[in-house]
Every structure is written in structure tokens, then in C-alpha cells.
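Please look over the sequence and the structure shown here before reading on.

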Amino acid sequence: MFSHNMIIRDGEYTKTIYTMIKEERFQDAINTLNTIPESSTTRAGLSLLGHCYYQMQDFIEAANCYEHLINLVPDVQEYRLYYSQSLFQAGLFEEAQNIIATGLDSPELKEKVLQLQSAVAYGNEDYTAAQSLLLQRQDAYGQEASTKNDEGCLLYQANMYEDALQRYVSALQAGGFNPHVAYNAALCHYRRKENSQALNYIAEIVERGIRNHPELGVGAQAETEGGARSVGNPPALAASGLAQAFNLKAAIEYQEGNIDGAREALTDLPPRSEPELDPVTLHNMALTDPVGGGAGLRRLAFLLELGPPTCPPETFANLLLLCCKHEMYDTAADILAEHTHLTYKYLSPYLYDLLDALITAQSTPEEAEQKLGTLASSIGGRLRALAAKVQECRSATDQNALRMALREYEGALESYLPVAMARAWIPWRMDDFQGAEREFRASAEFCSETPSWRLHAAHVLFMRGDRYKEAAAFYEPIVRQNYDDILSIPASVLANLCVAYIMTSQNEEAEELMRKVERAEERKGNATGQCLHLCIVNLVIGTLYCAKNNYEFGLSRIAHALDGGSGARLCADTWIHVKRCVLGLLTGMAKQTIVLPSIALQETLNFLRACEAYGITIPSVLTGPLEDSGEQPPTIGLEARKLRALLLRLMEYK
């Protein structure tokens with residue numbers, strides 16, 4: 001790296017600066033040029049600065065340099081073109097178009113001007129104008145690959161992914177491998193749900209990027225656990241297509257439900273600090289944030305404030321969905337009200353109706369049920385029509401038509417499932433589990449083979465309190481399917497299945513399942529307390545026995561689950577179960593409906609004393625992702641002390 005304070009001898013400035021540019025050390029060249037007062041006033045200095053800023057993707061500074069140049073030498077139209085290109089890259093489409101319209105008429109630049117004009121029209125979503133300008137370029141010599149790529153972009157925007165893919169393949173054949181065109185082809189496969197073909201293109205982009213640009217440090221973040229030095233945003237990164245490729249890989253993993261895989265793909269990106277991240281990477285990091293929803297919501301809100309074209313189009317919808325996921329419905333309503341101009345642009349009618357129903361359910365559940373019912377009827381009718389179409393294609397043995405019909409049916413089913421879940425969620429949140437079961441039965445026609453539907457149906461049957469056998473029948477296939485990797489199953493499923501076994505007198509099956517979980521945790525290593533499966537199973541079983549007034553056994557299971565209150569498993573998530581059961585015991589003792597042996601009471605006191613000691617600094621309540629009241633939250637230690645004091649008073653009462 002060149003020192004910013006290096007001494008350059010007279011007569012060697014030109015050689016030194018051009019050497020820096022040749023070696024793509026553009027920041028060093030900028031620093032050196034800025035030490036020369038004449039650089040900001042002369043044609044040569046401004047031209048070099050503009051080029052270096054453009055290569056460093058600092059398009060605003062580049063535009064400022066070229067603006068000075070067109071005032072200094074107005075007859076040189078190349079500078080006007082570079083000025084327009086800088087404005088376009090900065091997202092200032094209207095300003096770029098105005099510069100093009102005033103004085104860019106050189107025959108030598110006609111092809112480049114047409115290309116820039118079509119790019120500006122495309123950026124403004126004026127696809128008709130972009131198509132018209134593209135037609136004027138079709139016969140240009142040596143531009144076949146570029147033209148084919150641009151044709152593909154227009155077809156992609158029209159959702160004609162197959163035709164767009166053909167154009168991209170033609171562009172790769174005509175102009176050789178280009179990572180950006182290869183990415184476009186991968187994106188078409190992704191939209192067509194052909195993930196294996198998309199991953200093939202991504203693998204080639206990554207392989208070439210690593211081979212041609214080892215200085216970018218692909219994978220260095222994973223190897224150093226996030227401690228790698230930032231490589232910034234050099235021209236090599238933009239040219240390699242690595243950022244786009246890894247982001248698409250993350251999107252594929254995320255779509256397939258592999259959140260860890262999505263995070264890994266983003267970790268493999270060349271290391272950059274957060275201010276240096278491109279908007280798409282920032283958006284995807286927000287969706288896969290391992291810490292919690294707060295950081296993700298803040299990142300999406302930041303991107304939304306930047307607005308288009310900087311903000312990815314999916315940001316608006318994902319921010320609203322993330323708010324609903326965390327039950328921040330008032331925030332979602334405020335965002336919708338503040339950005340009504342984005343509603344019709346970035347939300348499909350289906351998604352708007354679904355979000356509107358979820359928000360409405362907070363104040364008027366009956367109206368929300370009606371809206372969801374209308375939406376379900378509409379999609380249900382389409383599903384029946386598509387199911388008939390699939391059968392026709394199977395009878396006609398037309399494999400291409402069958403694939404298309406199946407893809408349409410799966411897409412409609414993906415839209416129907418959230419609506420069905422939302423219809424069952426409305427009675428669920430009011431503890432009307434019978435009503436929730438009724439909604440699940442209504443959607444069984446289409447969703448009965450869908451894993452997520454079966455999982456939530458099992459939860460509803462479990463909560464009924466008298467349908468444990470049926471709930472177990474839904475849970476068991478989920479467990480059997482992942483029996484060799486039992487820790488990949490949600491702990492709630494394992495806990496509920498154990499309870500269902502116990503309630504149907506299948507204690508041996510429950511014990512065997514718990515032993516299986518315990519062995520899996522021992523193999524994985526549980527020194528850090530991160531494996532909470534067995535802990536949660538014991539907590540749920542302990543809570544069950546407490547609910548049946550067997551506090552002696554129930555509290556012993558809870559204490560065992562938390563290592564007697566002195567383990568790393570003690571946290572707000574687990575403490576809530578402890579204090580509910582202890583409060584239930586205190587209430588029963590106060591009413592003199594529960595009597596515990598002295599030994600059991602002493603064990604409970606010892607358990608609370610351990611929780612008091614080890615939980616003195618651990619918050620006792622869960623906070624929402626954006627909650628920041630500024631007040632110090634109560635701690636587990638403080639609450640355990642209060643519970644212990646109450647228990648001692650009741651023990652002394654005669």
C-alpha cells in the first residue's frame with residue numbers, strides 16, 4: 001500500500017499516478033492528486049480524478065469532476081457522456097437524461113449514448129422507451145452480446161423468464177463468459193424455481209472470482225470468525241460479480257428454509273465493514289440476522305428511507321412482514337400509512353390484502369375473518385382449476401405442459417397456505433382452539449400434505465387438551481423423518497410429543513425419546529448451554545405435572561432442566577416457566593389446597609436461592625426487537641428473591 005505521505009520527486013508525478021491507475025490503486029491516486037492544487041482546476045487533473053472516483057464507485061464525486069470539465073472544455077462531448085454515466089450510476093436518472101438531451105450528438109458516441117439512454121429508461125421503469133432505444137442498437141457492430149443481455153433484462157422485467165434466459169445464454173455464447181450475464185441467467189433459473197441450474201452458474205462465478213481475484217479474500221470472514229480486514233469496494237469486486245452471486249445463493253438457501261446456509265453464503269462474501277455494504281447485501285443480512293429481529297428491522301427501515309432506486313424493491317414488503325412476524329402490527333400500519341406511494345408499486349394485491357387482514361385482526365377480528373375468507377375462496381377456486389389442468393396434462397402425457405401446470409399449482413398453494421394459517425391464527429390468539437381446528441379442517445383439501453400445515457395442525461390438536469393421541473399422530477412423522485438428526489427438530493415438537501405420550505400412558509416412548517435427545521446433546525457437546533432441547537422438554541413436562549397439582553415432581557423436573565438454577569440455561573425464556581409454576585404453588589399454599597413435604601419445599605427454596613445468585617444480572621423479561629425504554633429491566637435474581645421470600649412467609653404461616 002502506498003503511503004499517503006510519500007514524497008514524489010519533481011518530474012515523476014505523471015509516472016507515479018499513471019502507475020497507480022494501471023495497478024488499480026485508485027484511492028492512492030486520488031490521495032496523491034488531491035495534494036496537487038492544480039488537480040481541481042485543470043483538465044488533466046479533473047479527468048484523472050473523475051476516472052479514479054468512478055472506478056472507486058464514488059459516483060457523486062466523479063460527477064462533480066466531470067461537471068467542472070464540461071464547463072472547462074464544453075466542446076469535448078466525451079466528458080458530457082462520462083458526466084451522464086456518473087449521474088446514472090448515482091441513481092440520478094432524470095439529471096442524467098437531461099445531460100444526454102443537451103449536446104450529446106456526436107456520431108462516434110451514438111452507440112454509447114443509445115446504450116446509456118436505454119439504461120436510464122430501464123432504471124426509470126419506462127420499459128417501452130427502453131425497448132424502442134434497444135431496437136436502434138440491434139445492428140450495431142460488435143455489440144451483439146450487450147444487446148442480447150439488454151433484451152434479456154427487458155424480458156425478465158416482463159416475467160418472461162424462459163425467453164430472457166435464452167437471450168442471456170446467447171450473450172454468453174457471443175461474448176464469452178461475463179459474470180454479470182451469468183448472474184442474470186442464474187436469476188432466471190431462480191425465478192423458474194430451477195435452483196440446481198442457478199447454483200451451477202453461481203459456482204462458476206465464484207470459482208472464477210476466487211481464481212482471478214485472490215486479493216478479495218473470499219471466505220476470509222468465515223475463517224477468521226468475522227475478524228478479516230475489509231477489502232472495501234474495489235473495481236475488481238464490481239467486475240467479479242461475487243457480491244451478486246453470493247447474495248443469490250443466500251436467497252436460494254433462504255427460500256429453501258436453510259437460514260444457516262443463507263448466513264454462510266453471506267459470510268463468504270469478501271470482507272467489508274457495514275458502511276461499505278451494498279444495499280442488497282444489507283437487505284439480506286437483515287433477513288438472516290442471527291441476533292434477533294431488532295437489527296434486521298433497523299436495517300430494513302434504513303434502506304426504506306433511502307428510497308428507490310438504492311433501496312431493493314423487496315425491502316418494503318419484507319419490512320412489513322417482519323413487523324407482523326414480531327406482532328408489531330401498529331408499526332406495520334404506520335409504515336403503510338407513511339409510504340402509500342410504495343403500496344401499489346411494491347405490494348401485490350394478494351400481499352396487500354393479507355397484510356391488511358392481519359393488521360385489521362387487532363381491532364376487528366370479524367372483519368379480518370371476512371377479508372381472509374374472500375381471499376381464501378379466490379385462491380381456492382384457482383387451485384381447483386389448476387388441479388384439473390394438472391390432471392389433463394397427465395392424461396395427455398405432455399411433460400412440458402405438466403411441469404408448467406405443476407409450477408403454477410405450487411405457486412398458488414404457496415399463496416394459499418399463509419391465508420389458511422392466518423384464518424386459524426385469529427381464533428388461536430383468543431384461545432379458541434376448536435375454532436382453529438375448524439379452520440384447519442377447511443384448508444385440509446389443499447394443504448394436508450404440506451409439512452408446515454401438519455405441524456401447526458398438531459399444535460392445535462395438542463392445545464385442545466383432549467386430542468393428544470391425534471396430535472401425536474401428526475408429530476410422529478416429523479420426528480421419524482429427522483430421527484438421525486433429532487436436534488434439527490424444533491424443541492417444542494419434541495416436548496409436545498413427550499407430553500402427548502405421557503397423557504396417553506405411553507411413558508416408555510416418552511422416556512426413549514428423551515434419552516435419544518440427551519445422547520444427541522452429549523455428542524454435540526453442551527458445555528455452552530446452547531442445546532436447549534432436553535431442557536425445554538423437561539420444562540414442558542414439569543409444567544404439565546404442576547398443572548396437574550403434582551408440584552413435588554413438576555418442580556423437581558424444572559430444577560433438573562435448569563441444572564438446579566446454576567447453569568447457563570437460566571435465561572428469560574426458561575425463567576418464565578419457573579415463575580409460573582412457583583406462583584401456582586404459592587397460590588395453592590395460600591388457599592391451603594396444596595400441601596408439599598418439607599423436603600420438597602426445602603429443595604424449592606434451594607433452587608430459588610441458586611436462581612437468585614446466578615440470575616442477578618440476567619433480565620427476567622423478553623423484550624421486543626425495537627423496545628428500548630431506557631429503564632433497567634428486572635432481573636431473574638430479584639424476582640427469585642421475591643418468590644423465595646413469599647414461600648418462606650407461607651411456610652411460617654400456621
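Two residues are in contact when they have heavy atoms within 4.5 Å of each other. With this in mind, take Thr360: leaving aside neighbours within four places in sequence, Thr360 is in contact with Pro365, Glu367, Ala368 and Lys371. Thr360 belongs to helix H22, which covers residues 349-360. Its relative accessibility is 11%, and because buried means under 20%, Thr360 counts as buried.

**Overall picture**

The model is a predicted one. The protein has 654 residues, and 45% of them count as buried. The protein contains 34 helices and zero strands. Along the principal axes, the C-alpha trace spans about 100 × 75 × 45 Å. Among contacts with a separation of 6 or more, 57% come from residues 24 or more positions apart.

One pair of residues gives an idea of distances within the model. Thr32 lies in helix H2, made of residues 26-33. With a relative accessibility of 9%, Thr32 counts as buried. Thr32 and Ala368 are 336 residues apart along the chain, and 64 Å separates their C-alpha atoms.

**One side of a helix**

Helix H8 is formed by residues 127-135, and its residues Ala130, Leu133 and Leu134 are buried. On which side of H8 do they lie? They cover an arc of only 105 degrees around the axis, which puts them on the same side of H8.

**Aromatic rings**

How many aromatic pairs does a search of the whole structure find? The search finds 13 aromatic pairs. In one of them, the ring centres of Tyr329 and Trp425 are 5.9 Å apart and the ring planes stand at 40 degrees, so the pair is tilted. Tyr329 is in helix H20 (residues 329-338) and Trp425 is in helix H24 (residues 399-428); the pair links distant parts of the chain, 96 residues apart. Tyr329 and Trp425 are both buried.

Elsewhere, Tyr66, Tyr79 and Tyr82 are joined into a cluster by ring pairs. A ring also takes part in another kind of arrangement: the charged end of Arg208 sits over the ring of Phe177, at 4.1 Å from the ring centre.

**Salt bridges**

The structure holds 30 salt bridges. The table gives three of them.

| Salt bridge | Distance, N to O |
|---|---|
| Arg407 and Glu194 | 3.8 Å |
| Glu207 and Arg211 | 3.6 Å |
| Asp289 and Arg299 | 3.2 Å |

The side chains of Arg407 and Glu194 meet in a salt bridge. This pair links distant parts of the chain: Arg407 is in helix H24, while Glu194 is in the loop between helix H11 (179-191) and helix H12 (195-212), 213 residues apart. Are the two partners buried or partly exposed? Arg407, at 24% relative accessibility, counts as partly exposed. Glu194 has a relative accessible area of 15% and is buried.

Glu207 is partly exposed, its relative accessible area being 49%.

Asp289 and Arg299 also meet through their side chains in a salt bridge. Asp289 lies in the loop between helix H17 (279-287) and helix H18 (293-306), and Arg299 lies in helix H18, so the pair ties together parts that are ten residues apart in sequence. Both Asp289 and Arg299 are buried.

Which residues are linked in a network of salt bridges? The network is made up of Glu437, Arg441, Arg464, Arg467 and Glu470.

Notes:
Residues are numbered from 1 along each chain as its sequence is written. This is a predicted model: local features need pLDDT of at least 70, side-chain atom pairs count only at pLDDT 80 or more; totals for chains, interfaces and linings use all residues. Side-chain values use heavy atoms; hydrogens and water are left out. Rings of Phe, Tyr and Trp (its six-membered ring) pair if their centres lie within 6.5 Å; planes under 30 degrees apart count as stacked, over 60 as edge-to-face and the rest as tilted. Helices (H or I, at least four residues) and strands (E, at least two) are DSSP runs, numbered from the N terminus. Buried means under 20% relative accessible area, exposed over 50%, partly exposed in between (1.4 Å probe, protein chains only). A charge sits over a ring if NZ of Lys or CZ of Arg is within 6 Å of the ring centre and within 35 degrees of the ring normal. The arc is that of the directions from the helix axis to the C-beta atoms. A salt bridge is a side-chain nitrogen of Lys or Arg within 4 Å of a carboxyl oxygen of Asp or Glu.
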